[in-house]
Amino acid sequence: MQQIINFIIRNKTFLLFLLLFSVSILFTIQSHSYHKSKFINSANFLTGGVYNTVNNISVYFDLKSQNQILSEENNRLKSLLYNSENKNDSTYIDSVSFNAQYRFTSANIIRNSYTAADNILLVNKGKNDSIKQDFGVITSKGILGIINETSNNYATVISILNTTNSISAKLKKTNHFGSLTWNAKDPSIAQLVDIAKIARIEIGDTIVTSGLSSIFPKNIPVGTVEEFKLDDAENYYEIEVKLFNDMTSVEHVYIIENIDAKEITNLLNPN
């Protein structure tokens, strides 16, 4: 306390000047509208900048939780979309939570490959998240692959850029279906084979999943027709499909569980 008093005594002239100067500025601002407006604008600029900076910092550190919220919302919306049997049924939304065939789990790709002939991806969800073999994997743009092996916290995915993979897909406008494969050449192009030559095909037609397997719901986007031709026997089309997914930069994915898959498999393969 004595130090504070000594400081005031030593600097009494300067402190008096500072006090009078502050009072004079206050009177000037109060009595002149121009100076008052400039002061308010300056104060708003400073406080606004501070609040904006604080908000930006807060938003940055909150990105993880916000991404999680968005991911969960996307899961809910995808579940509504792909579980719908009749889009015109007004009772569907209310009943879907009681009888949903597909369950979605969000995940991140932590290892990606696209240059090999048989590419395998790694995602950060596994047995602890109820992920099992033969679950489908998609992104917000379209199909990605199929779960192969799982550990407690991770799972491998057989990419659609894998020569051993074959997925049932169809022409969206005609419903003619075939098998989606990959020839190990271009990571942006897959091949759709075994499409009957009676199908009407045009460049730019959309390719989607057929829904004829127990892995993927129908109508998940795959890509568009880049070019097509008849095979050597001229009975089926061979179609080059430009994939919707950029397989070189995928990160966020959704894992699809068909809750009825085991029942369907047992029925089709009783032995």
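1. Two strands pair if DSSP finds at least two bridges between them. Strands are DSSP runs (E, at least two residues), numbered from the N terminus. On that basis, Leu-180 stands opposite Leu-192 in β8.

2. This is a predicted model: local features need pLDDT of at least 70, side-chain atom pairs count only at pLDDT 80 or more, and totals for chains, interfaces and linings use all residues. Residues are numbered from 1 along each chain as its sequence is written, and side-chain values use heavy atoms, with hydrogens and water left out.

3. One barrel is closed by six antiparallel strands, ordered β6-β7-β8-β11-β10-β9. Its twist averages 40° from one strand to the next. For such angles, axes are lines fitted to C-alpha atoms, and values run from 0 to 180 degrees between N-to-C directions.

4. Strands β3 (residues 136-138) and β12 (residues 252-258) share three bridges in the antiparallel sense. Ile-138 has Tyr-254 in β12 as its bridge partner.

5. Look at Thr-174. It sits in the loop between β6 (167-171) and β7 (177-181). Thr-174 is buried, at 18% relative accessible area (buried means under 20%, exposed over 50%, partly exposed in between; 1.4 Å probe, protein chains only).

6. The Thr-174 side chain makes a polar contact with the His-176 side chain, at 2.9 Å. A polar contact is a pair of N or O atoms within 3.5 Å; within protein, one must be able to donate a hydrogen and the other to accept it, and residues adjacent in sequence count only if both atoms are side-chain atoms.

Note on methods
Helices (H or I, at least four residues) and strands (E, at least two) are DSSP runs, numbered from the N terminus.
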